[in-house]
Amino acid sequence: MGAGGRMTEKEREKQEQLGRANGGAAYQRSPTDKPPFTLGQIKKAIPPHCFQRSIIKSFSYVVHDLVIVAALLYAALVWIPTLPSVLQLGAWPLYWVVQGCVMTGVWVIAHECGHHAFSDYSLLDDTVGLVLHSWLLVPYFSWKYSHRRHHSNTGSLERDEVFVPKQKEALAWYTPYIYNNPVGRLVHIVVQLTLGWPLYLALNASGRPYPRFACHFDPYGPIYNDRERAQIFISDVGVLAVSLALLKLVSSFGFWWVVRVYGVPLLIVNAWLVLITYLQHTHPALPHYDSTEWDWLRGALATMDRDYGILNRVFHNITDTHVAHHLFSTMPHYHAMEATKAIKPILGEYYQFDPTPVAKATWREAKECIYVEPEDRKGVFWYSNKF
C-alpha cells in the first residue's frame, strides 16, 4: 500500500469481494495497516484559518437557528390553530419535522461547545453548551465527558463509549430472530430511534460495559472521576430546571399542548441524534480493533462521512465532515467542509464516504452490521450477520 493509503488493483478486488460477502452492494473496506501519514501531516494540509474560532460567527449560527425555532413556534401557536381541521392534520406533522431538524442543528452547536470548538474561551463554551443542551434535556457536562472519551477511544472494542459492537458469542440467543427478519429489524430500528437516546443516558444502552451500573445522571457513577462530579451535578440541575419549566407549562396549557409544541420535535431531535451517530460509526467497510491493534489515528479514521442532502447544512455539516471532526474536534463546523476537502488527498483510501440514501443505509446497516468478528488478521474486527 503506497502513500495516501492507495491500494493495488488486486487488493481492491479482494476488498470488493469481501464487501459482497453479506449479499449487499460492493464497497471498499477501509485499510487497517498503520497509515503512511501522521496527524501532523494531515493538519499541515489544512489551511491555518480553519482552526480559528470566531465568537461572532459562532453566535451567528446560534441566533440563526433560534430565530427559526421561534418563527416555527409562532406558526404553531398562532397560525396552525386557525387552519381548518383537515389542514391541521398536515400542518402539525410538518411543524414537528421541520422544528425537530432545526433543533437538531442547535444540538450540534451545543456539541461544538463540548469540544471547545465554539470560541477560545472554555467558560463561554460551557455556558452556551449548558443552556442549549439543558433546553433539549441533555445533561451537558455528563455527555461532554463521556463523548470526550468516545473521541479518545473511537474504534476500540474495549474502551469506546458509543455503539460499541458485540462479538458473536456475546449476543443474546434471540438476536437472529430479531435481525434476520424484516419485521424484527424494523421494530429494532423504531425502538432504537425513539428510545435509544434516553436509554443511553439513563442506562448506558449501547455503551461500553462498566463494572457496575452506569448512568449519565449519576455523579458518582463509574463513567466519571472525582474532578468531574461537581459538573455532573450542574448538568442534572440544568435538566431538572427545564423539566420543572415544562411541568409548569403542562399545568398552564395542558399535557398534550406541551407534547405538540415541544415533545414531538424533541423526539425527532433524539431520533436524528441516534441515527447520525449510528451511521457515522456503523458500516460494513469500517473496522474495529481490540487492544492488540488499536491506536488513536486508525480509530479516528474508522468513521464514515454521509450525505443527508439539504440536511447537511441544517445539521451544520456534522454529517458529511465527521472524519475531519474526529481528527480535529476543536475545529469549528463552519470550516469543516474546507478542511475535509484539504485532507482527502492525504487520507486516500483511509477516507470513507458513503452517498447511500439515509433510509437505505439504515436498513442495510441494521441487516448487515449485527456483530463483529476477526477475519484474516487477529485484532482487527469486521461486521458480519452470519448465524
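Guide: We begin with a definition: helices (H or I, at least four residues) and strands (E, at least two) are DSSP runs, numbered from the N terminus. Please bear in mind that this is a predicted model.

Visitor: How is that applied to residues 91-351, and what are the percentages of helix and strand there?

Guide: Over residues 91-351 the chain is 61% helix and 2% strand. As for the label, UniProt lists "domain: Fatty acid desaturase" for residues 91-351, in an unreviewed entry. Such annotations may be inferred rather than shown by experiment.

Visitor: Which residues does UniProt place under "transmembrane region"?

Guide: The unreviewed UniProt entry gives that feature for residues 61-80, 92-110 and 237-256. The coordinates can then be read alongside the record. Residues 92-110 are 100% helix and 0% strand, with end C-alpha atoms 27 Å apart. Residues 237-256 are 95% helix and 0% strand, and their end C-alpha atoms lie 25 Å apart.

Visitor: How does one judge the span of a helix, and what is found for α4?

Guide: The expected span is 1.5 Å times one less than the number of residues. Helix α4 covers residues 85-114, which is 30 residues. From first C-alpha to last, α4 reaches 43 Å, close to the expected 44 Å. V97 lies in α4, and V97 counts as partly exposed because its relative accessibility is 46%. In space, V97 and L266 are 9.9 Å apart, C-alpha to C-alpha, although 169 residues apart in sequence.

Visitor: What should I look for in the backbone angle phi?

Guide: Most residues other than glycine have a negative phi. L137 is found in the loop between α5 (122-135) and α6 (140-152), and its relative accessibility of 24% makes it partly exposed. S206 also has a positive phi, near 70°. S206 sits in the loop between α8 and α9 (229-253) and is partly exposed, with a relative accessible area of 37%. Just after α4, H116 takes a positive phi of about 60°.

Visitor: How is a sheet read, and in what order do the strands stand?

Guide: Two strands pair if DSSP finds at least two bridges between them. Here 3 strands form an open sheet in the order β1-β5-β4, with antiparallel pairing. β1 (288-289) and β4 (371-374) stand at the edges with a single partner strand each, so one side of each has no neighbour in the sheet.

Visitor: How many bridges join β4 to β5, and how many join β1 to β5?

Guide: β4 and β5 are joined by 4 bridges, and β1 and β5 (residues 380-384) by 2.

Visitor: Is β5 largely enclosed or open?

Guide: A residue is buried under 20% relative accessible area. In β5, 5 of the 5 residues are buried, so this strand is largely enclosed by the rest of the structure. V380, W382 and S384 point one way, while F381 and Y383 point the other way.

Visitor: Finally, which residues make the nonpolar surface patch?

Guide: Residues in a patch must have over 30% relative accessible area. V183, V187, V191, L195, L199, L203 and F213 make a nonpolar surface patch of about 630 Å². V187, one of these residues, is in helix α8 (residues 182-203). V187 counts as partly exposed because its relative accessibility is 47%.

Key: Residues are numbered from 1 along each chain as its sequence is written. This is a predicted model: local features need pLDDT of at least 70, side-chain atom pairs count only at pLDDT 80 or more; totals for chains, interfaces and linings use all residues. Side-chain values use heavy atoms; hydrogens and water are left out. Patches are made of residues with over 30% relative accessible area and no salt bridge: like charges are joined within 9 Å, nonpolar side chains (Val, Leu, Ile, Met, Phe, Trp, Tyr) within 5 Å. Accessible areas come from the Shrake-Rupley method with a 1.4 Å probe; for residues, only the protein chains shown count as cover. A salt bridge is a side-chain nitrogen of Lys or Arg within 4 Å of a carboxyl oxygen of Asp or Glu. Buried means under 20% relative accessible area, exposed over 50%, partly exposed in between (1.4 Å probe, protein chains only).
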